[in-house]
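Subject: Structure for your review

Dear colleague,

Please find the structure below, handed over for your use. My notes on its salt bridges and strand pairing follow.

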Amino acid sequence: SVNRPFVHFAPEQYAGYTVAQPGGMVPFAAPDGASDWTGTCSLTTPVFQQFNGSVSVTYGGTAIYAEAADGRQARISASVGLRPLPSVRIDGSLVTTRITRDRDGSEYARSTIPRLKLEYQPRRSLFFRLVTEYRFEQRSALVDPTTGGPIYINGSLAGPQTTEGWRTDALVSFEPTPGTVAFFGYGASLAKDPLLYQTPDYTRTTDGFFVKLAYVFRR
């Protein structure tokens, strides 16, 4: 597939932007917009008894909204489903993206997100599910698309950013009879940001429990 998106940058969104120049700080001048061609190629297998898979590659122009600039994006998405046993299902996926600037070819951002889902159903009334996802996102310092000077937002330098974290969710389902069911779940998110958490290790940011009980009265 081929498409051509059109983007118009709203000047008011960059009201707090200034750019460092040899003569001092000057207001950021956002261009009117951007327009680029993008192409995507996808391949998907039939759903066989024990596996299925797909892969998609996208390449082309993209808008870098934080800098109001033109960029190039390369994105690869892949997924695979495995069913080695009637009671076991494994689904994995990977999405990786890299964005560069049209101005000089420098890297603006990259991200990698692998995801794994495991399901096990030893009998009809009992079901287990585990989902885990890792997320890595990195963005370089913002620069003016015309001059290449560093961008400041509300007086603060828009420096590089890195986000790294894990998310895991577990679920147990028990349904002894139709209409009578119990769900028990737990999920937790962990993130690594030495500047924010004052530690180089992962820190738990959110967690939660989920419980659902249902019973059907018959007469």
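A network of salt bridges links R115, E133, R135 and E137; a salt bridge here is a side-chain nitrogen of Lys or Arg within 4 Å of a carboxyl oxygen of Asp or Glu. This is a predicted model, in which local features need pLDDT of at least 70 and side-chain atom pairs count only at pLDDT 80 or more, while totals for chains, interfaces and linings use all residues. Residues are numbered from 1 along each chain as its sequence is written, and side-chain values use heavy atoms, with hydrogens and water left out.

R115 lies in strand β10 (strands are DSSP E runs of at least two residues, numbered from the N terminus). Its contacts (heavy atoms within 4.5 Å), not counting residues up to four places away in sequence, are D91, G92, S93, V131, T132 and E133. The C-alpha atoms of R115 and T132 are 5.9 Å apart. R115 is partly exposed, at 38% relative accessible area (buried is under 20%, exposed over 50%, partly exposed in between; 1.4 Å probe, protein chains only).

Strands β10 (residues 107-123) and β11 (residues 126-139) pair in the antiparallel sense over 11 bridges; pairing requires at least two DSSP bridges between two strands.

The whole structure holds 13 salt bridges. Among them, R110 meets E107 at 2.6 Å, N to O, and R204 meets D207 at 3.9 Å between the closest N and O atoms. R204 is exposed, at 53%, whereas D207 is partly exposed, at 45%.

Yours sincerely

Conventions: Helix = DSSP H or I, 4+ residues; strand = E, 2+ residues; numbered from the N terminus.
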